[in-house]
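Welcome! Here is a friendly walk through one protein model, taken a few elements at a time.

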Amino acid sequence: MAVVAELSSSSSYIKSTRLHTSQLSISSTHLSYLRRQTFRPVTRPRDATITCSVASDQVQAPIAVQAAEFKSKNDCYGVFCLTYDLKAEEETKSWKKTINIAVSGAAGMISNHLLFKLASGEVFGADQPIALKLLGSERSFEALEGVAMELEDSLFPLLREVKIGINPYEVFQDADWALLIGAKPRGPGMERAGLLDINGQIFAEQGKALNAVASPNVKVIVVGNPCNTNALICLKNAPKIPAKNFHALTRLDENRAKCQLALKAGVFYDKVSNMTIWGNHSTTQVPDFLNARINGSTVKEVIKDQKWLEAEFTEKVQQRGGLLIKKWGRSSAASTAVSIADAIKSLVTPTPEGDWFSTGVYTTGNPYGIAEDLVFSMPCRSNGDGDYELVKDIIFDDYLQKRITKTEAELLAEKRCVAHLTGEGVAFCDLPEDTMLPGEM
C-alpha cells in the first residue's frame with residue numbers, strides 16, 4: 001500500500017481519519033495506487049504532491065514528513081505487473097505510439113460519457129493506445145478518483161495510462177490533444193459579460209499551461225462556454241501553439257441541425273450532409289440550410305417550406321438544449337460527449353468526398369470575408385491528419401449573409417469584452433443582447 005499527502009499554501013495538512021484513493025496511475029507496465037493519510041503540518045508549495053511507499057502492515061500513527069525524502073516512484077500493481085510489457089508491445093507493428101489526451105472538467109457529466117468512448121478505441125481507432133491525463137479541482141478531486149477507478153475496472157486494453165491532478169502545468173505535460181470541458185456555469189443573475197470574464201480567466205491560465213508544457217502541435221478543443229471566445233482567449237495565451245490548432249465545439253449544433261432536417265424531410269439523418277453552423281455558439285448561430293444537402297439534393301429542393309427553414313428550423317436547433325432540460329431535468333451531457341467524439345473523428349479520419357463538417361476555428365486568412373482574429377464556426381474538410389482546410393465552394397445569399405454578419409458582430413463585441421485577457425488592452429463590454437443558449441445558464 002502507498003500513502004500520499006497533498007498539501008497546499010492554504011492548508012498545511014489534510015483532515016482525514018481514513019485511507020482513500022488520492023492518485024491513480026494506470027499503465028501497461030504499472031499501476032500506482034496512492035492513498036492519503038493524516039500527517040502533521042508540513043509547509044509545501046501549492047499543488048504539491050508528496051508520495052511514499054509502505055507495506056500495508058507498516059501504516060502507523062501520523063508522522064512528520066520531510067519533502068526531501070520523497071521521490072517520484074513508479075510501481076506496478078497486481079495484474080499489470082504480470083501481463084503488460086509496454087516497451088515490447090509498442091515495438092510491434094500492430095500498435096501505434098501512445099497519444100496523450102488531456103481532459104479538463106474530467107469529473108463532470110460530459111467527461112463521464114466521453115472518457116469511456118476515448119478509452120474504448122471508438123474515437124482514435126482500435127489500434128491506437130492512449131494515455132488519459134485528467135484535470136479536476138480541489139473540490140472535485142475525490143470524484144476524479146472515482147472516475148479513474150471506473151476506468152481501471154473497465155479493463156480497456158488501449159488505455160495505457162491514467163493520471164489525475166489539479167495543476168494544469170502537470171496534467172497538460174506532453175499533451176497531444178487537450179479537451180477543455182471544465183468551465184463555470186452561468187448562475188442566477190450573472191450577466192454574460194461576467195461569465196466571459198470568469199471563464200476567460202480559466203482559459204487564459206490553461207492556455208499558458210498548454211503553451212509551457214504541451215506538445216508544440218497539440219490540438220485543442222474548447223467546450224466550456226462561451227466556447228468561441230474562450231478558445232480565442234486560450235490561443236492568445238499560447239503563442240507557441242499554431243492558432244489553427246484551436247477549436248470551439250459547434251458539432252452538437254451541427255448534429256442537432258441534421259436531425260431537424262432529417263425529421264422534416266422524413267429521412268434518416270445519415271442522408272443529411274454538408275451541414276454548416278456559422279459563427280458563435282449562441283442564439284446568433286446560423287444553421288446553413290442553403291448549402292446543406294439531403295440525399296445529394298439541396299435542402300430547398302427537398303423541403304419546399306421556406307418559412308419553416310428561415311424561422312422554425314433555426315429556432316428548433318437553438319432551443320433543443322432547453323427543451324431537453326425541461327423534459328429530463330438535466331443538460332445534454334451524453335450528446336455533448338458524442339459531439340466531441342465526432343469533432344475529433346472528423347479531424348483524424350478523412351472527410352468523405354464532397355462533404356464537410358463544422359468547427360469553430362481561427363478566422364485569420366478565411367475566404368469568406370469574415371472579420372479576422374476571431375474564433376468562428378465555419379465549414380472544414382480534413383485529410384485525417386488532425387489538420388483541416390476551409391471549404392471554398394460555398395454559396396451565399398442575402399439571408400445567409402445577413403445572419404452571418406449578426407453573429408460576427410456578437411463575437412467582435414465579446415472580443416472587446418475580454419481584451420484584458422488577450423493582451424489587447426482595456427476591456428470594454430457593449431454586448432448587444434443576451435444570447436446564451438438555453439441550458440447553458
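How many residues does helix α12 have, and how far does α12 reach from its first C-alpha to its last? This is a predicted model, and in it α12 covers residues 398–417, which makes 20 residues. The helix reaches 29 Å from end to end, close to the 28 Å expected at 1.5 Å a residue.

As a rule, an α-helix has 3.6 residues a turn, so residues three or four places apart point the same way.

**A disulfide at the helix**

Cys417 brings us to the next feature. The model has 1 disulfide, and the bond joins cysteine 417 to cysteine 429, with 1.7 Å from S to S. The link is right-handed, with 80° about the S-S bond. It connects distant parts of the chain: cysteine 417 lies in helix α12, while cysteine 429 lies in the segment after α13 (419–422), 12 residues apart.

| Cysteine | Relative accessibility | Class |
|---|---|---|
| Cysteine 417 | 3% | buried |
| Cysteine 429 | 39% | partly exposed |
| Cysteine 227 | 1% | buried |
| Cysteine 234 | 0% | buried |

Cysteine 417 counts as buried because its relative accessible area is 3%, under the cut-off of 20%. Cysteine 429, at 39%, counts as partly exposed.

**Strand β8 and its neighbours**

Now for some strands. Strand β8 spans residues 177–180: Trp177 and Leu179 point one way, Ala178 and Leu180 point the other way, and all are buried. Which strands pair with β8? One is β5 (residues 99–104), which runs parallel to β8 and is joined to it by 4 bridges. Here serine 104 stands opposite leucine 180. Another is β9 (residues 219–222), also parallel to β8 and joined to it by 4 bridges. In that pairing, isoleucine 221 of β9 is the bridge partner of leucine 179.

Elsewhere, an open sheet of 3 strands has the order β11-β14-β15, with antiparallel pairing. Its edge strands are β11 (272–273) and β15 (297–298), each pairing on one side only. Strand β14 (residues 293–294) pairs with β15 over 2 bridges, and arginine 293 has threonine 298 in β15 as its bridge partner.

How values were computed
Residues are numbered from 1 along each chain as its sequence is written. This is a predicted model: local features need pLDDT of at least 70, side-chain atom pairs count only at pLDDT 80 or more; totals for chains, interfaces and linings use all residues. Side-chain values use heavy atoms; hydrogens and water are left out. The expected span of a helix is 1.5 Å times one less than its number of residues. Buried means under 20% relative accessible area, exposed over 50%, partly exposed in between (1.4 Å probe, protein chains only). Two strands pair if DSSP finds at least two bridges between them. A disulfide is a pair of cysteine sulfur atoms within 2.5 Å.
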